[in-house]
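Subject: The structure I promised you

Hello,

Have a look at it first, and then read on for a short tour of what turned up.

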Amino acid sequence: MTIVIKKPRVSVHKFTSCSGCQLAFINMGEDLIKLTQLVDIIHFAEAGPLGPDEEVDISFIEGSITTPHDVERLESIREHSTFVITVGACATSGGIQALKNNADSDLWMRSVYAKPEYISSLSTSAAVKKHVKVDFELWGCPVDVKQMLAAVRQLLFGVAPLDLNEKVCQECKRRNTVCILVTKGEPCMGPVTRAGCGALCPSYGAACYACYGPAENANVEQLGKRFIGLGFTPNRVKQKFLSFHNATPEFSKANVFWADGEGVKL
Amino acid sequence: MKESDLNSSSSASVEYSPERDIDINVPVMVRVEGEGALEFTAKNGEVEKLRLKIYEPPRLFEQFLEGQEYTQVPIMAARICGICPIAYQMTSIRAIERLFGVDPGPWVHDMRRIVQCGEWLQSHALHIHLLATPDFLGYDNAIAMAQDHPDTVKRGMKLQGLGNDLLTLLGGRSVHPIGLRVGGFYRAPEKREVSDLVDRLEDALDDARGVVEWTAGLSLPVDIQAFNCVAVHHDHEYGMNEGRVVSSMHQEVDFDEYPQRFREHQVKHSTAFYSTLDGEGYLVGPLARVNLNFEQLPQEVKNLCADVGLKFPSMNMFDNVRARALESYYSILEALRLLKDYQRPRQPYVEVTPRAGIARHCTEAPRGLIFHQFKIDGNGKVETACMIPPTSQNQASIESNLKNAVLEFGLDNSDDDLRMLCEKIIRNYDPCISCSTHFLNLTVHRK
């Protein structure tokens, strides 16, 4: 007899973001059509299906949590999902907009909007896991299609997805990219950044800017000291860490290590 | 080619009083990029409220850029939009280069056109096939549409993939490319990479012509709007990332004059801003570009238009989708023209020395005109930043269009038909809501 396995039900939700991680789905192209044969897409507003409160097996969440309404939506999503997977920097760490967490965000709102009272906004940009339990995190700004598909496949097979948290340096070694920190003195963040991008920037001769977030055992302080040794100012070093994943515990230490950097606005 | 009239209705057998109270609320707009809602109320035959409410939280990018070195601006600004990161990188890079007096040379100029062609192609293919045409063929979404029209959807996705690969050729990846820098590119592609892509571009020409023919043959609504079209124009090439801003009303604006001629103001129901040019609303986007720059398209594109019965300039807003198809075809031709005799340069960038002052530039994002302004100090650090995306510039036109179209259609139609009409119009503009909720306005009118 044929064993009928229930088709998994999947939703894609968007919070505060640039929509680039949703493109990991849309950029699949024809494979997106194939994916719809493997799973039922219940909610994906940008692509069309609408069912924000339906029961699903997996909810993918793009974007950070920045309004009280976001929190309510998120709690409802958690209640209706077996697995919640955060997709990309904004959902996983609060994203670049979490820079406002360290600043006078009310002052910022007033400098951008003439009538800030029209806008309801939390004073912080939070990762999803600050509000609800998260089952797996896909890092990257943006998330990589292969990474995301691998997670879906692994869940469909009933196994926990593999968390790839080794350093970008390992990817440089695998692709035989000459180290630009050692040979060119570039302020490369590869030694503290998790793998996933394929060591893309170093292969172009450009310094990694940590768009994939902190790696395991990220030694922020010593790398920062090395950058200072190369001639970068403490403030510039601080900015390297306080970027797309500034709210992570690993990178936010830059606020402590280089608290006295001149002209610091962040 | 058959055009359906906006006045047709699928509920002809039921009478609806135009004087009834109408209250239509669509809290989540589907098939748009970002978070928006439709709100529509009418009473006694008069429209009370009709608007696209943009409620995505602001991300305050201008503040993040303050204090950053100029080299970080393209990296950070790209994150404003996942579908059109090149528009943000290109505009900021060119603004800074012009301030610093940097001329990166003809090779860089051509390669930048290629990445912009790639972004237009992928964005247009995505919008045509995934966001807009399900409306015209009666489907909730492209996934459902693919069941009955598999070849059409696959063709669209293939073109989108080709656009992404053009971006990857020079940018390293298609979402938030890493290959662009002030002064040029970090890396020049090998000849082999280019020749592989040239083969695919040549193969794609038939598909691109097919999309033009297909959209020309679609039964699209007629929605005549007398908007002032605004776009980048260049004397020698189709307006993309160099030139000046021109309009249907024959206004001409150098990029440096943008702050004096354009204004923005905030409205209560939206976290985006409304724009005016010389005090009036205007239209940006593919239809505006094709209307203003049609004569500069290659002859084979103009011939194809004549063959399939398309006429530009056009005031039918639903020709926006056809303008996109036309520009997709043009993007492939242009990329082919620039790549077929590709020579790898000795160095893909020029050296840059910072200079203090105000950096300004405009380019054409897939969705329309984009403006950047940065005040930079003598060490190359950003003091202030201002980035204005297309969607805020179209906000006033979208709402004006909605009102005109609803009154033309008639309030004696059912709520469902009125709602569907409004949704089609909004999606036709391809609003990018993530872009429009990030930025600072130049002049704040405080009360």
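Let us begin with how chain A is put together: among its contacts between residues at least 6 apart in sequence, 73% join residues at least 24 apart. Please keep in mind that this is a predicted model. Chain A has 13 helices and five strands, and of its 266 residues, 57% count as buried.

**The strands of chain A**

Start with strand β1 (residues 9–14) of chain A, which pairs with β2(A) in the parallel sense over four bridges. To find this pairing on your screen, look for Val12(A), which stands opposite Phe44(A) in β2(A). How much of β2(A) is buried? Four of the five residues of this strand (residues 40–44) are, so β2(A) is largely enclosed by the rest of the structure.

β1(A) also pairs with β3(A), again in the parallel sense, over five bridges. Here Ser11(A) stands opposite Ser59(A) in β3(A). Strand β3 (residues 56–62) of chain A is mostly covered, with seven of its seven residues buried. Moving on from β3(A), six bridges join this strand to β4 (residues 81–87) of chain A, and the two run parallel. Val56(A) and Ser81(A) are opposite each other in that pairing.

Is Thr66(A) buried or exposed? Buried means under 20% relative accessible area, and Thr66(A) has 1% relative accessibility, so Thr66(A) counts as buried. The C-alpha atoms of Thr66(A) and Pro187(A) are separated by 31 Å, and the two residues are 121 residues apart along the chain.

Now find helix α11 (residues 234–241) of chain A. Seven of its eight residues are buried, so α11(A) is largely enclosed by the rest of the structure. The buried ones are Asn235(A), Arg236(A), Val237(A), Lys238(A), Gln239(A), Lys240(A) and Phe241(A). What do they pack against? Their partners are α10 (220–229), α12 (249–252) and α13 (254–257) of chain A.

**The nonpolar cores**

Phe241(A) comes up again in the largest nonpolar core, which has 193 residues; Phe60(A), Phe241(A), Phe40(B) and Phe374(B) touch the most other members. Which element gives the most to this core? Helix α4 (residues 106–137) of chain B does, with 15 residues. Apart from this core lies another, of 15 residues, including Val230(B), Val245(B), Cys362(B) and Ile388(B).

If you zoom in on Phe40(B), leaving aside residues up to four places away in sequence, you will see that Phe40(B) touches Ile22(B), Ile24(B), Val47(B), Leu50(B) and Cys422(B), among others. Asp23(B) and Lys49(B) are also among the residues that Phe40(B) touches.

**A sheet and a helix residue in chain B**

Chain B has an open sheet of three strands, in the order β6-β7-β8, with antiparallel pairing. β6 (230–233) and β8 (252–253) of chain B stand at the edges with a single partner strand each, so one side of each is left without a neighbour in the sheet. Four bridges pair β6(B) with β7 (residues 244–247) of chain B in the antiparallel sense, and His233(B) stands opposite Arg244(B) in β7(B).

Ile86(B) belongs to helix α3 (residues 85–100) of chain B. With 0% relative accessibility, Ile86(B) counts as buried. The residues that Ile86(B) touches, not counting those up to four places away in sequence, include Thr91(B), Val115(B), Leu167(B) and Pro177(B). From C-alpha to C-alpha, Ile86(B) and Thr41(B) are 38 Å apart in space, and they are 45 residues apart in sequence.

Enjoy exploring, and write back with any questions.

Best wishes

Note on methods: Residues numbered from 1 in each chain as written. Chains lettered and ligands numbered in written order. Predicted model: local features only at pLDDT ≥ 70, side-chain atom pairs only at ≥ 80, totals over all residues. Heavy atoms only, no water. Buried < 20%, exposed > 50% of the residue type's maximum accessible area, 1.4 Å probe, protein only. Contact = heavy atoms within 4.5 Å. Core = buried A, V, L, I, M, F, W, Y, C linked by side-chain atoms within 4.5 Å. Pairing = 2+ DSSP bridges.
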